[in-house]
Amino acid sequence: MAKYNLKINGKIRKVDIDPSTPMLWVLRDHLDMPGTKYGCGMAQCGACTVHLDGTAVRSCSLPVSAIGKGAITTIEGLSENGTHPVQKAWIEHDVAQCGYCQSGQIMSAAALLKDNPKPTDADIDNAMSGNICRCGTYLRIKEAIKTASKN
Amino acid sequence: MENKNTQSRRSFLKSSALTGGGLMLSFTWLTSFKSADKMATLNLPEQWAELNGYIKITPDNVIKIFCPNPEFGQNVMTSLPMIVAEELDADWKNVVVEMGPHDNVKLGPQFTGGSNSVKMYWKPLRNAGASARQMLIEAAAQTWSVPATEITTKGGVLSHSSGKTAKYGEMASKAATITVPKDVKLKAVKDFSIVSKSQKNSEGLKVVTGKPLFGMDYRVDGMLIAMIQHPPAFGMKLKSFDASQALKMPGIKDIYSFKLYEEGYEQAAFDTRTFNEMIAIVGNTTWEVMNARKKINAQWEPITETKEKVNGFGGRKIENIVPAGLESTNAQLAKMQEMAKQPAKQLRKDGDPETAFKNAAVVIERTYNAPFLAHNCMEPMNFFAHVEADKALVAGPTQSASWLEPSLTKVLNLPADKIEIQMTRMGGGFGRRAYSQFAYEAARISQKMKAPVKLIYTREDDMTYGIYRPMYTATYRAALDVNKNLIGFHVKGGGIPENPVHANRFPAGAVDNYLAEGWEIASNVTIGAFRAPRSNFNAAAEQSFLDEVAEAMGKDPIQLRLDLLKRAKENPVGKNNEYDAARYVGVLELLKEKSGWGKPENAGKKRGVAAYFCHNSYAGHVVDLVMRDGQPYVEAVTSAIDCGVVVNPDAAINMVQGAVVDGIGNSFYGALTHKDGVAEQNNFHNYRMIRHNEAPKKIDVHFVQNEIDPTGLGEPPFPPVFGAVANALFKATGKRFYNQPFKMETEKKV
């Protein structure tokens with residue numbers, strides 16, 4: 001067990017925990033932040049995507065001991081109440097079907113647009129192909145990213 | 001329970017006053033539920049004759065309806081309330097929808113599947129909305145002392161020509177005292193202002209802000225986390241295990257083996273017994289449980305042949321043989337090839353197919369194969385349970401709460417009225433969550449632990465637990481005479497463990513001499529419904545075959561289908577044809593027009609077409625495929641659908657686009673194979689799912705405009721994708737694709 005002061009969504013959160021625990025389970029089990037989803041546990045599906053210092057990372061494969069002073073942003077911290085341009089675009093295009101993968105999709109898209117505010121289709125494919133959606137909402141995700149890129 | 005089977009339809013509507021003022025109108029689902037043909041075969045408890053859902057109108061003008069069926073991406077939590085709001089003439093902004101509790105008496109069968117939700121609830125919801133509106137009008141007429149006929153409604157407001165107006169909420173308490181009208185007039189489809197207009201997902205904001213909507217997110221104080229360790233292979237069972245090391249791991253409460261069902265348990269239709277004895281690992285947190293699990297030293301041994309008793313749909317008693325043995329995909333394929341040569345069960349015969357084939361100038365014969373498929377819902381299976389001595393609460397994602405309840409009463413030995421079931425939003429279902437054994441597992445574990453427990457499957461548990469789409473094969477034969485007329489058609493299909501053939505579907509009814517046969521091979525690999533069961537294979541095989549038949553006849557593939565459907569419409573062959581030839585034609589005509597089929601500007605495209613009927617709806621696609629670096633990609637798709645009135649068009653388009661992407665993914669990549677009973681794919685690194693860069697750039701969706709009561713949409717667009725992809729692959733590569741997944745073949749060549 002080890003103590004960590006984690007910077008999550010702008011707040012310091014203290015946990016006393018096994019250092020190998022992935023951030024995904026720290027968020028879900030220890031901090032009651034279930035917006036970040038479990039999908040595969042091996043960084044293959046993207047459902048658990050969060051930002052570490054603004055970069056999209058798969059929290060299921062990121063041990064808490066590797067965070068250090070890094071700032072974590074989760075879907076709960078992307079905006080106060082769904083007003084981030086990516087979230088707004090998701091609603092405008094009514095992207096979600098079952099919705100389970102969408103936290104991860106949104107976090108990947110938000111990180112992409114931060115680095116690359118005007119992505120091409122190929123840029124979007126590259127940044128988003130680590131996020132699986134079995135409902136098949138890929139077209140709308142692409143449209144929503146383009147809409148968000150205008151804002 | 002009082003049985004009121006003899007009640008007239010009208011008496012199914014009941015009004016009452018709400019505590020604190022307002023109107024509650026209760027209504028039945030059953031009248032249309034009964035007519036939903038697929039459901040009619042289910043064995044309904046008698047008390048379901050008194051089913052009631054309700055709408056509530058509060059004095060502050062909020063209109064609330066309980067959604068009977070849970071949401072898993074099919075948009076019911078938006079589209080069902082839209083139907084009520086339409087007939088009620090409510091302001092859509094004031095309508096709130098709440099997931100209903102599990103209550104068969106109030107909310108009906110609550111089965112999510114078979115593309116049935118909108119179809120089943122269309123009429124009762126319209127009647128309820130219209131009746132409430134009529135009662136509000138009557139209340140206003142009495143209050144204002146004017147004739148009811150002079151009162152109009154719009155957007156939740158009652159108006160009289162004198163200038164008097166009132167919001168619905170103001171009249172709701174009074175309306176509760178009005179007798180429920182004997183007859184109400186429903187709106188004409190052309191007058192709809194909410195239905196058939198796109199409305200945003202009622203839970204859209206919650207989804208994009210990461211609110212705890214799903215079973216995985218369910219949490220109560222003091223809750224333990226549980227996992228199960230099931231045998232590593234189909235055909236194996238637990239022999240012994242040593243958990244002494246694992247029990248010493250931090251956070252672990254208990255590790256023990258348990259049986260899901262007792263000896264002699266008679267399974268219900270959606271119960272499965274893939275692995276009856278498992279190891280439960282219970283602890284404080286997910287990561288601790290995952291780590292402890294790795295330290296268990298378990299021994300497994302082969303099963304012997306067993307018989308399982310199943311109380312199937314409609315009370316049908318079935319006895320399944322579960323054979324012993326460790327199955328491998330190659331051996332399964334060889335067994336299927338052998339079985340396909342044996343005489344099979346005749347499912348339908350028209351005319352004299354034997355003579356037609358004997359006299360044929362040309363016989364085309366092709367065999368199609370498809371593997372097991374894993375559902376791979378993005379949310380792995382999970383369930384919460386808190387079982388106490390005299391009661392139980394279970395909560396989570398299930399498509400079949402009402403099938404879960406009677407089984408739970410037996411598993412837990414508790415009466416049904418002591419078991420509360422809460423249905424959460426589901427992170428995908430696709431048929432998988434109709435089989436809720438994970439809920440029984442959670443309940444058994446909670447009962448033993450005497451604590452609230454959330455059972456979580458890892459992705460590996462989820463993918464290797466079975467309930468797969470069955471493995472199928474079918475051989476199609478067509479007989480052509482010297483003038484290249486189609487004079488005979490023969491399909492013989494089989495599978496592990498069910499035969500896929502829909503004997504009464506197209507082209508049955510369109511060919512004079514027709515034969516359909518089926519066979520089955522028992523297996524210990526467990527299977528279940530998967531988005532459009534059987535249809536998802538039949539459409540692939542039959543629609544590819546028709547493409548080859550058209551080629552042999554020298555006909556355009558759409559024209560061949562239209563010619564056959566003309567025959568089926570004007571002078572149908574045989575009885576019990578399931579489909580409506582005119583609607584089938586309508587979809588093909590629309591598809592032809594919208595895709596520019598046969599137009600010179602599309603001559604260079606590598607196009608494939610397929611159309612199929614299932615779940616009461618008609619769907620067709622034209623797929624445009626391109627080759628990049630020697631590999632096929634679907635670039636664009638045009639889709640045409642006839643599902644009757646489209647309740648929420650934008651959401652319907654989304655679902656069709658999703659079905660197209662899902663269909664391309666499964667036809668290109670989907671496969672669950674076995675070696676010595678072990679699933680060879682266990683996570684997304686070796687079970688390939690379609691990804692962003694592999695999805696089409698464009699999917700244009702068109703609906704046939706008509707006023708037919710809505711039929712299903714979740715499943716129908718999915719099956720024909722497989723056939724259209726196969727036919728486009730032929731155009732792009734010059735080679736016919738008979739074995740799914742298709743991409744295995746194209747990638748082998750590189």
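Which residues does Val725(B) touch, not counting residues up to four places away in sequence? The legends below describe close-up views of a predicted model.

**View 1. Val725(B) in the largest nonpolar core.** Val725(B) touches Val623(B), Leu625(B), Val634(B), Ile664(B), Ser667(B), Phe668(B) and Phe742(B), with residues up to four places away in sequence left out. The core holds 190 residues. Leu158(B), Ile445(B), Phe703(B) and Val725(B) touch the most other members. Helix 4 of chain B, residues 117–144, supplies the largest share, 14 residues. A second core of 52 residues is separate. Its members include Tyr472(B), Ala532(B), Tyr579(B) and Leu588(B).

**View 2. Helix 2 of chain B packed on helix 4 of chain B.** Helix 2 spans residues 76–88. The two axes lie 6 Å apart, at an angle of about 35°. The crossing is right-handed. Helix 2 of chain B contributes Val76(B), Ser79(B), Leu80(B), Ile83(B), Val84(B), Glu87(B) and Leu88(B) to the contact. Residues from helix 4 of chain B include Tyr121(B), Trp122(B), Leu125(B), Arg126(B), Gly129(B) and Leu136(B). By class, the contact has 12 nonpolar, 3 polar and 3 charged residues.

**View 3. Helix 14 of chain B against helix 18 of chain B.** Helix 14 covers residues 535–553, and helix 18 covers residues 719–733. Their axes come within 7 Å and cross at roughly 35°. This crossing is right-handed. On helix 14 of chain B, the contact residues include Ser535(B), Ala539(B), Gln543(B), Asp547(B) and Glu551(B). On helix 18 of chain B, they include Pro719(B), Phe722(B), Gly723(B), Ala726(B) and Phe730(B). The class count is 7 nonpolar, 6 polar and 2 charged residues.

**View 4. The hairpin of strand 26 and strand 27 of chain B.** Strand 26 and strand 27 (residues 617–628) pair in the antiparallel sense over 9 bridges. Val609(B) stands opposite Val622(B) of strand 27. The hairpin has 2 residues between the strands, and His615(B) takes a positive phi near 50°. In the loop between strand 27 and strand 28 (631–642) sits Asp629(B). Phi of Asp629(B) is also positive, near 50°. Asp629(B) is at 77% relative accessibility, so it counts as exposed.

**View 5. An open sheet of 3 strands in chain B.** The strand order is 12-15-16, with mixed pairing. Strand 12 (267–268) and strand 16 (317–322) are the edge strands, and each pairs on one side only. Strand 12 and strand 15 (residues 306–311) run parallel over 2 bridges. Gln267(B) has Val310(B) of strand 15 as its bridge partner.

View 6. Pro497(B) lies in the loop between strand 24 (486–496) and strand 25 (513–520) of chain B. Pro741(B) belongs to the loop between helix 18 and helix 19 (742–749) of chain B. Most peptide bonds are trans.

**View 7. Two loop residues, Val180(B) and Asp32(A).** Val180(B) lies between helix 5 (168–175) and helix 6 (204–208) of chain B. Its relative accessible area is 15%, so Val180(B) is buried. Leu25(B) is 155 residues away in sequence, yet 8.8 Å away in space, C-alpha to C-alpha. Asp32(A) lies between helix 1 (23–30) and strand 3 (49–52) of chain A. Asp32(A) is not a glycine, but its phi is positive, about 55°. With a relative accessible area of 47%, Asp32(A) is partly exposed.

Conventions. Residues are numbered from 1 along each chain as its sequence is written. Chains are lettered from A and ligands numbered from 1 in the order in which they are written. This is a predicted model: local features need pLDDT of at least 70, side-chain atom pairs count only at pLDDT 80 or more; totals for chains, interfaces and linings use all residues. Side-chain values use heavy atoms; hydrogens and water are left out. A nonpolar core is a set of buried Ala, Val, Leu, Ile, Met, Phe, Trp, Tyr and Cys residues joined through side-chain atoms within 4.5 Å. Buried means under 20% relative accessible area, exposed over 50%, partly exposed in between (1.4 Å probe, protein chains only). Helices (H or I, at least four residues) and strands (E, at least two) are DSSP runs, numbered from the N terminus. Contact means heavy atoms within 4.5 Å. Two strands pair if DSSP finds at least two bridges between them. Axes are lines fitted to C-alpha atoms, for helices over the stretch in contact, and angles run from 0 to 180 degrees between N-to-C directions. A crossing is left-handed if the near helix is turned anticlockwise from the far one by less than a right angle, and right-handed if clockwise. Ala, Val, Leu, Ile, Met, Phe, Trp, Tyr, Cys and Pro count as nonpolar, Asp, Glu, Lys and Arg as charged, and the others, Gly among them, as polar.
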